[in-house]
Amino acid sequence: MMASHRPANHYCVSRPVYSKRAFDEDNDRQIPESRSFREKLSASSKCSSSRAKQVLKGLFPILDWLLQYPTKQWLPSDVISGVSTGLVCCLQGLAYALLVSVGPVYGLYAAFFPILTYFFLGTSRHLSVGPFPVTCLMVGSVVLTLAPDEDFMRPGNESMVNGTLLESESMEVDISAREAQRIVVASTMTVLIGLFQLGMGVFHVGFLVRYLSDPLVGGFTTAAAVHVLISQLKMVLSVPTHSHNGFFSLAYVLSDVFRNIKQTNVADLVAGLLTIVTVMAVKEINAKFQHKIPVPIPIEVIVTVVATGISYAVDLNSRYGASIVHSIPRGFVPAQFPNIELFGEILGSSFSTAVVGYAVSVSVAKVYAAKHDYKIDGNQELIAFGISNIFCGCFSGFVATTALSRTAIQESTGGKTQVAGLISALMVLIVIVAVGPLLQPLQKSVLAGIVIANLKGMFMQICDVPILWRQNRTDCFIWVFTCISCIVLGLDVGLLTGVVFELGTVVVRSQFPTCSTLGNVPGTDIYRNFKDYKNINEIPGIKIFKCNSPIYFANIDYFKEQLRATVGFDAVRVFKKRNKALKKIHKLIKKGKLKITENGLVPVAPLGVDNEAFESEQDPEHVEGGAQQEVEDGSRQEIEVEVQVDWTSSLPVNVTVPKVNIHSLVMDFSAVSFLDMMSAKSLRLVGLNSACDYGTYNMHCFYNMLNSVKK
């Protein structure tokens, strides 16, 4: 049975061929009205009631929905969502404080204060604002650098003999002094992060985040997950390590862990491993049966309550030496101004953390905004997070953005607006003022296990690498390079290296664009690349050249090389050779040694060795002035020759002129988004010479187009 083919659809397009100038004249092109800076400033500063209302709603997006809030329909869902999310916020706040290397109570502050300001200023209705492992670790790396344990060593086991203080044989860390300094560094960095975000929002430079592509963010967050895992490994094992940061810090931490592996506390190890397995297993159940379970099982809360009860009942700290939280004081610490003297040392790290935090929060917010059909204002989000971090830092909290797991819980449990976020903040407040001290027997390895269990989503991003390899290998290289750089060099330097590499790939791809020669699909007016299809025919005497990139100063030479390889000759060289041959022919005709006949040029007398036409040829490219100077100036003196020369036959002068096997060159610029002046000048030169050499209408149109670009 013969296979039947579907009949192809046909179309026909017929319109005049325009140059840009002719098209503008025929259609009365309108010139945009330009206004001076004073006029723009005057228009923007006009005040009216409608404009004031618009500005007020822009600064406080809550006014858009709060006045229309359907209490009976949405409030029950927001309350349920807020309670569920608030319980997770408390536990994650305590756990992520370990990443910042500060006391757990400061994690509660970081989970409470940012929600209050974001409630009024944020444009997302579903984000759960608070600590995020990646940004916490970036702050923690700076904290460990500026406040390492070595700076707070003091003599231990002091004794007095006859009123004299004996020197201690061992040293111990002054925990209270170290804690005070570390929270100063963390809160100061949080304020600076907020200032960066606020400034970016005010000046509308949120577009900088666009340079963080999905492959780059994927590689970065996966590397951050590795850093978090290694940093929490010492907590699960409860082994002492030194403070390491910067290049190869992970290798040093692992070296310390394995060197002290014999000091592992079994009670902490068992508690940590059980926490990881239990939390990950229940999270899988929540994900698998999310449509059947009205509220996800709050496994972090359950594990924490059970672990705290066991630790208190068995007295794991005294009997087995388990590392516990120890102190979670009730209430808040007084507000304090940041230490401005530290700004110079944390400037670069603060900026990179600000960009990463904003990129993570906006990417998550856009997902849920698209799902629930509302818009996100990127610049307003910068202002909201900036003010939230400044407010949080002044109350001894650390950097806040959003966490994917908390936001997913807030949305999946029925959260409609940031009222759910406000309820979750109320839950954190209850823990801060009342419940906190009850969690003091909790083992730190349990909190570390909760952190590790929540890293699964970031580690699963490794599965994107084979997909990227099949779809776009450049994106795959960006992912892998960024991930390796962040693991080896540290998160801040690694992120900068990844951005530079990403921009380098853009430059390389545009500097060496994909160029192709097109051929005709038989029986159609469709043209495709010769390398992609077998059933493609080349039109005799015509070359169709396509460039898939903007043409500018950096790639114009490469473009001309590809064009030369496509047509098989150098148009400029052909022009100069023919120009030289025409000069000699014209000279011989004037001397009467050549005459014009119907059969072409015929010598009048035998050409001897003294014939000037057969003088030794010099490459015009090495001759000062002459044709080369004429070509570079973009103009040439027309040589009036009354003869038509057949360039395919032998010439009566000893000049080697390259053969030209085409009569038309068509350049497909449908994928060229822009030309700069240098490329326009170079292409105009190629088009002018080609039009002279081939006498083609196509190249004349190309020449007119370049003239309009130049003007």
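This is a predicted model: local features need pLDDT of at least 70, side-chain atom pairs count only at pLDDT 80 or more; totals for chains, interfaces and linings use all residues.

**Overall look**

I started with the surface: the protein chain exposes about 38100 Å², and carbon and sulfur atoms supply 59% of that area. Next I checked burial, and 45% of the 711 residues of the protein chain count as buried. I then counted elements and got 27 helices and 12 strands for the protein chain. I also looked at contacts with a separation of 6 or more, and residues 24 or more positions apart account for 79% of them.

I picked out a sheet of 4 strands, which is open, has mixed pairing and runs in the order 8-7-9-12. Which strands stand at the edges? I found strand 8 (527-529) and strand 12 (664-668) there, each with a single partner strand, so one side of each is left without a neighbour in the sheet.

**Strand 7 and its partners**

I went through strand 7 in more detail. Strand 7 (residues 515-520) pairs with strand 9 (residues 542-547) in the antiparallel sense, over 4 bridges. Cys 515 has Cys 547 of strand 9 as its bridge partner, and for Thr 517 the partner in strand 9 is Phe 545.

Strand 7 also pairs with strand 8, again antiparallel, over 3 bridges. There I noted Gly 519, whose bridge partner in strand 8 is Arg 528. The hairpin of strand 7 and strand 8 has 6 residues between the strands, and Gly 523 takes a positive phi near 80° in it.

Is strand 7 mostly covered or left open? It is mostly covered, with 6 of its 6 residues buried. I sorted the side chains by direction: Cys 515, Thr 517 and Gly 519 point one way, Ser 516, Leu 518 and Asn 520 point the other way, and all are buried.

**Salt bridges**

I moved on to charged pairs, and the structure holds 6 salt bridges. I wrote up three, as follows.

Asp 256 forms a salt bridge with Arg 259, with the closest N and O atoms 2.7 Å apart. Both sit in helix 10 (residues 249-259), and being 3 residues apart they are separated by about one helical turn. I looked up accessibility: Asp 256 counts as buried at 5%, whereas Arg 259 is exposed at 55%.

Lys 283 forms a salt bridge with Glu 300, at 3.0 Å between the closest N and O atoms. Lys 283 lies in helix 11 (residues 266-288) and Glu 300 in helix 12 (residues 299-314), so this pair ties together parts that are 17 residues apart in sequence. Lys 283 is partly exposed, at 24% relative accessible area, while Glu 300 is buried at 2%.

Glu 411 forms a salt bridge with Lys 371, and here the closest N and O atoms are 3.1 Å apart. Glu 411 belongs to helix 16 (residues 404-412) and Lys 371 to helix 14 (residues 343-372), so the pair ties together parts 40 residues apart in sequence. I have Glu 411 down as buried at 13% relative accessibility and Lys 371 as exposed at 55%.

Note on methods
Residues are numbered from 1 along each chain as its sequence is written. Side-chain values use heavy atoms; hydrogens and water are left out. Two strands pair if DSSP finds at least two bridges between them. Helices (H or I, at least four residues) and strands (E, at least two) are DSSP runs, numbered from the N terminus. Buried means under 20% relative accessible area, exposed over 50%, partly exposed in between (1.4 Å probe, protein chains only). Contact means heavy atoms within 4.5 Å. Accessible areas come from the Shrake-Rupley method with a 1.4 Å probe; for residues, only the protein chains shown count as cover. A salt bridge is a side-chain nitrogen of Lys or Arg within 4 Å of a carboxyl oxygen of Asp or Glu.
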